[in-house]
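Me: I'm new to this one, and I'd like a close look at a single part of it. Could you walk me through how the helices and strands in the interior pack together?

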Amino acid sequence: MRIGRMVGVITTAALTVAGLLAAQPMASAAGVPRPDHVVVVVMENHSYKEIVGSSSAPYLTSLANGGANFSQSFAVTHPSEPNYLALFSGSTQGLTDDSCPHTYSSANLGSRLIGAGNSFVGYSESMPSDGYTGCTSGQYARKHNPWVNFTNVPASSNLRFSRFPTDYTTLPNVSFVVPNLCNDMHDCSISTGDTWVRNNIDAYAQWAKTHNSLLIVTFDEDDRSQNNQIPTIFSGQHVKTGKYTEHITHYNVLRTLEDAYGLACTGSACSATPITDSWQ
């Protein structure tokens with residue numbers, strides 16, 4: 001075979017392979033498994049030492065002891081709303097308060113997932129209707145619902161917690177769960193929030209251990225008593241039980257989720273290291 005023809009054949013083959021690879025969904029990044037489902041539960045305003053090991057939080061303590069317990073996890077700032085934005089979009093979006101409403105068009109976890117052919121839903125307890133855009137309603141607060149602020153996340157991804165499925169196979173790839181202002185420990189006791197997570201999320205937590213799925217429980221911020229040190233807990237089939245002492249923030253958690261689904265990084269998550277040591 002002539003050299004020119006050989007080069008042409010090799011080039012054509014290489015282009016064909018490249019095209020096939022480009023047509024495939026992106027795989028998870030090295031060191032981060034790709035779960036079928038992830039549920040992220042965000043609680044409110046308590047430091048690590050107030051939750052893990054506390055007699056007021058027996059369920060969350062058991063979840064930490066049976067999963068990956070990140071003892072050096074920190075929120076990004078104060079108050080609440082900028083932290084929710086940081087966890088969801090890799091940026092506080094310049095916000096320094098809990099004001100409402102706001103509208104953003106930048107990339108975020110929800111838009112990245114949907115754009116890559118995956119699914120995302122945020123479930124908010126006590127939100128009066130699916131797709132609701134009001135700032136407050138009873139014990140619901142939009143400041144704890146970051147996805148509603150982004151024009152590139154559809155209203156169909158903004159659902160009431162009453163829509164959270166009992167058939168967990170029907171869950172989206174990634175979902176956020178935000179309890180109301182009482183059950184997230186913002187207005188009510190640690191014990192109230194701990195009991196809510198047990199009653200509403202434990203069935204999923206147990207199912208996730210045998211169904212290639214992941215539960216993340218984290219907090220928006222501490223109560224300004226512990227340098228913004230917060231509980232962050234991973235539980236699921238591929239989670240390696242243990243206490244992990246590396247310094248992480250909301251940006252590391254976001255980067256880990258982005259890498260799990262082969263997504264482009266967003267904002268400050270691009271300079272954050274994904275969590276890779278807590279997997280079996």
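Reply: In helix 3 (residues 58-66), the buried residues are Tyr 59, Leu 60, Thr 61, Leu 63 and Ala 64. Keep in mind that this is a predicted model. Those buried residues of helix 3 pack against helix 2 (48-51), strand 2 (68-74), helix 6 (190-208), strand 8 (213-219) and strand 9 (229-236).

Let's pick up strand 9 from that list. Here 8 of the 8 residues are buried, so strand 9 is largely enclosed by the rest of the structure. In a regular strand, side chains alternate between the two faces of the sheet. For strand 9, one side has Gln 229, Pro 231, Ile 233 and Ser 235, the other has Ile 230, Thr 232, Phe 234 and Gly 236, and both faces are covered.

Who are the neighbors of strand 9 in the sheet? Strand 2 pairs with strand 9 in the antiparallel sense, over 5 bridges, and Phe 70 stands opposite Thr 232 of strand 9. Strand 8 also pairs with strand 9 in the antiparallel sense, again over 5 bridges. There, Ile 216 has Phe 234 of strand 9 as its bridge partner.

Now over to strand 7 (residues 174-178), where 5 of the 5 residues are buried. Val 174, Phe 176 and Val 178 sit on one side of strand 7, with Ser 175 and Val 177 on the other, and both of these faces are covered. Strand 7 runs parallel to strand 1 (residues 37-43), and 4 bridges join the two; look for Val 40, whose bridge partner in strand 7 is Phe 176. Strand 7 also runs parallel to strand 3 (residues 120-124), this time with 5 bridges. In that pairing, Tyr 123 has Val 177 of strand 7 as its bridge partner.

Strand 7 turns up again around helix 4 (residues 80-89). What covers the buried residues of helix 4 includes strand 1, helix 5 (109-115), strand 3, strand 7, strand 8 and helix 7. As 10 of the 10 residues of helix 4 are buried, helix 4 is largely enclosed by the rest of the structure. Among these buried residues are Glu 81, Pro 82, Tyr 84 and Leu 85.

Two packed helices are described by the angle between their axes and the distance between the axes. The axes of helix 4 and helix 7 come within 7 Å and cross at roughly 30 degrees, which means helix 4 is roughly parallel to helix 7. The crossing of helix 4 past helix 7 is right-handed. On the helix 4 side, the contact is made by Asn 83, Ala 86, Leu 87, Phe 88 and Ser 89, while helix 7 brings His 250, Tyr 251, Val 253 and Leu 254. Sorted by type, the residues of this contact are 6 nonpolar, 3 polar and no charged.

Let's finish on Leu 257, which has its place in helix 7. With 4% relative accessibility, Leu 257 counts as buried. Leaving out residues up to four places away in sequence, Leu 257 touches Val 38, Val 40, Leu 109 and Ile 216. Leu 257 and Pro 274 are 17 residues apart in sequence, with 8.2 Å between them in space, C-alpha to C-alpha.

Notes:
Residues are numbered from 1 along each chain as its sequence is written. This is a predicted model: local features need pLDDT of at least 70, side-chain atom pairs count only at pLDDT 80 or more; totals for chains, interfaces and linings use all residues. Side-chain values use heavy atoms; hydrogens and water are left out. Buried means under 20% relative accessible area, exposed over 50%, partly exposed in between (1.4 Å probe, protein chains only). Two strands pair if DSSP finds at least two bridges between them. Axes are lines fitted to C-alpha atoms, for helices over the stretch in contact, and angles run from 0 to 180 degrees between N-to-C directions. Angles under 35 degrees count as roughly parallel, over 145 as roughly antiparallel, 65 to 115 as roughly perpendicular and the rest as oblique. A crossing is left-handed if the near helix is turned anticlockwise from the far one by less than a right angle, and right-handed if clockwise. Contact means heavy atoms within 4.5 Å. Ala, Val, Leu, Ile, Met, Phe, Trp, Tyr, Cys and Pro count as nonpolar, Asp, Glu, Lys and Arg as charged, and the others, Gly among them, as polar.
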